[in-house]
Amino acid sequence: MIRTCSHCHTKNRIPARYLAATGKCGQCKQPLPPQSHPIEVDTATFDDIVQNSPVPVLVDFWAEWCGPCKMTAPEFSKAAQSLAGKAVLLKVNTETEPQLAARFGIRSIPNFKLFVGGDMKFDQAGALSAAQIEQLVGQFRA
């Protein structure tokens, strides 16, 4: 993943296992806070993050044409901010990543799947609020 420093605007490469950690910019040495926004991923990035993250990874499978997905998106973003450092939230567009959606048997969207240590621990179709997302992730945090 590439993250831009908010101080000097240098692009920093952050390995998947450090997305939930506070790091520092390679140029100006200022802190780089944990990932606090959902990350739109392709198959390779999805696999890297799910397999290497030391914190739970919650994935939102969605599509642009889906009304409930659009209603859930702000809640998912809000949860990502409050869960920064405690979980990583990913978004998979089922239209651009159909093979990933098929791999997980996505039949209705939005669909949420939670992974811990690379293993799926939770699966639910349907919208979730930010509070529900935070409560769900809290059940699986170490």
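Let's start with Lys113, which pairs up with Asp123 in a salt bridge, their closest N and O atoms sitting 2.7 Å apart in this predicted model. The pair links distant parts of the chain: Lys113 belongs to strand β8 and Asp123 to strand β9, ten residues apart. Lys113 is buried, with a relative accessible area of 1%, whereas Asp123 is partly exposed at 45% relative accessibility.

How many salt bridges are there? The count comes to three, and here they are:

| Salt bridge | Closest N and O atoms |
|---|---|
| Lys113 and Asp123 | 2.7 Å |
| Asp60 and Lys91 | 2.7 Å |
| Asp47 and Arg103 | 2.5 Å |

Asp47 is in helix α1 (residues 43–52) and Arg103 in helix α3 (residues 98–103), so the pair ties together parts that are 56 residues apart in sequence. Asp47 counts as partly exposed at 27% relative accessibility, and Arg103 counts as partly exposed at 46%.

Now for the cysteines. A search of the whole structure turns up one disulfide, and it joins Cys66 to Cys69, with their sulfur atoms 2.5 Å apart. Which hand does this disulfide have? The torsion about its S-S bond is about 75 degrees, so the disulfide is right-handed. Both Cys66 and Cys69 are buried.

What about Cys8? Cys8 is in no disulfide: the nearest cysteine sulfur belongs to Cys25 and is 3.6 Å away, and a disulfide needs the sulfur atoms within 2.5 Å. Cys28 is in no disulfide either, with the sulfur of Cys5 the nearest one at 3.7 Å. Cys8 is partly exposed, with a relative accessible area of 29%, and Cys28 is partly exposed at 27%.

Finally, have a look at helix α4, which covers residues 130–140. Its buried residues are Ala130, Ile133, Leu136 and Val137. Seen down the helix axis, the buried residues of α4 fall within an arc of 125 degrees, so they line one face of the helix. On the other side of α4 you'll find Ala131, Gln135 and Gln139, which are exposed. What does the buried set pack against? Its partners are the strands β6 (57–62), β7 (88–93), β8 (111–116) and β9 (119–125), along with helix α2 (67–82).

Notes:
Residues numbered from 1 in each chain as written. Predicted model: local features only at pLDDT ≥ 70, side-chain atom pairs only at ≥ 80, totals over all residues. Heavy atoms only, no water. Buried < 20%, exposed > 50% of the residue type's maximum accessible area, 1.4 Å probe, protein only. Helix = DSSP H or I, 4+ residues; strand = E, 2+ residues; numbered from the N terminus. Arc of directions from axis to C-beta. Contact = heavy atoms within 4.5 Å. Salt bridge = Lys/Arg side-chain N within 4 Å of Asp/Glu carboxyl O.
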